[in-house]
Amino acid sequence: MLDLTASLAGLFFSGLLAATPIPAQSEIVFVAMQTADAAPIGLMIVIAGIGNTLGALITYYIGAGVTRWRDRKWFPASEKQLERGHRWFERWGNWLLFLSWAPGGDLICLIAGILRKSLWQFIPIVFLAKTGRYAVVALIAAKTMEIVH
């Protein structure tokens, strides 16, 4: 039981870190656990998805926090760019959040925070996208293991 708990905790934290600015690859941990049959695959998908979503939420809050410096010269976006980004994100934001699982998806989460995207929209969409990615990773790994064996 302790091994299962420790394995799932490791998976959770690897998913969480992978969705923050800290460089990490949770898919490696996920596939290693799947290959070792360390836990039920459905549980692994949900745990990894929750961890990755919480990591995206940390990135969102980092974005929300940097706006306090928006009047500084070094801030990377002008007020006009922020306004344009806000309009653009309001138009396409929910669809963009479905790409939060992809490379560069952390930037989407950061921008969502900068623009104060509604958490009621952000959390469920990001959870679906990120959990869906782990389901696809699990399917690909399972099919690959079938071919190898």
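1. In this predicted model, the axes of α3 and α6 come within 8 Å and cross at roughly 140 degrees, where axes are lines fitted to C-alpha atoms, for helices over the stretch in contact, and angles run from 0 to 180 degrees between N-to-C directions. α3 and α6 are therefore oblique to each other, given that angles under 35 degrees count as roughly parallel, over 145 as roughly antiparallel, 65 to 115 as roughly perpendicular and the rest as oblique. Helices here are DSSP runs (H or I, at least four residues), numbered from the N terminus. The passage of α3 across α6 is right-handed, a term used if the near helix is turned clockwise from the far one by less than a right angle.

2. On the α3 side, the contact with α6 (heavy atoms within 4.5 Å) includes Ile41, Ile45, Ala48, Thr53 and Tyr61, and among the α6 partners are Leu119, Phe122, Lys130, Arg133 and Ala138. By class, this contact of α3 with α6 has 16 nonpolar, four polar and two charged residues; Ala, Val, Leu, Ile, Met, Phe, Trp, Tyr, Cys and Pro count as nonpolar, Asp, Glu, Lys and Arg as charged, and the others, Gly among them, as polar.

3. Threonine 53, which lies in helix α3, is buried, with a relative accessible area of 8% (buried means under 20%, exposed over 50% and partly exposed in between, with a 1.4 Å probe and protein chains only). When residues up to four places away in sequence are not counted, threonine 53 touches Ile123, Val126, Phe127 and Lys130.

4. Helix α3 (residues 41-66) also meets helix α5 (residues 105-114), their axes coming within 6 Å and crossing at roughly 45 degrees, which makes α3 oblique to α5. The crossing of α3 and α5 is right-handed. Residues of α3 including Ala56, Thr59, Tyr60 and Val66 meet residues of α5, among them Asp106, Cys109, Leu110 and Ile114, and by class this contact has nine nonpolar, three polar and one charged residues.

5. The count of salt bridges comes to two, the criterion being a side-chain nitrogen of Lys or Arg within 4 Å of a carboxyl oxygen of Asp or Glu. One of them joins the side chains of glutamate 27 and arginine 133 at 3.5 Å, N to O; glutamate 27 lies in helix α2 (residues 26-35) and arginine 133 in helix α6 (residues 119-148), so the pair ties together parts that are 106 residues apart in sequence. Glutamate 27 is partly exposed at 21% relative accessible area, whereas arginine 133 is buried at 12%.

6. Another salt bridge links the side chains of glutamate 146 and lysine 143, at 3.9 Å, N to O. Glutamate 146 and lysine 143 are three residues apart in helix α6, and are therefore separated by about one helical turn. Glutamate 146 counts as exposed at 54% relative accessibility, and lysine 143 as partly exposed at 44%.

7. Aspartate 37, although not a glycine, has a positive phi of about 55 degrees; aspartate 37 is found in the loop between α2 and α3 and counts as exposed, at 65% relative accessibility. Arginine 116, in the loop between α5 and α6, has a positive phi near 55 degrees and is exposed at 52% relative accessibility.

8. Residues are numbered from 1 along each chain as its sequence is written, and side-chain values use heavy atoms, with hydrogens and water left out. Local features need pLDDT of at least 70 and side-chain atom pairs count only at pLDDT 80 or more, while totals for chains, interfaces and linings use all residues.

Notes: Helix = DSSP H or I, 4+ residues; strand = E, 2+ residues; numbered from the N terminus.
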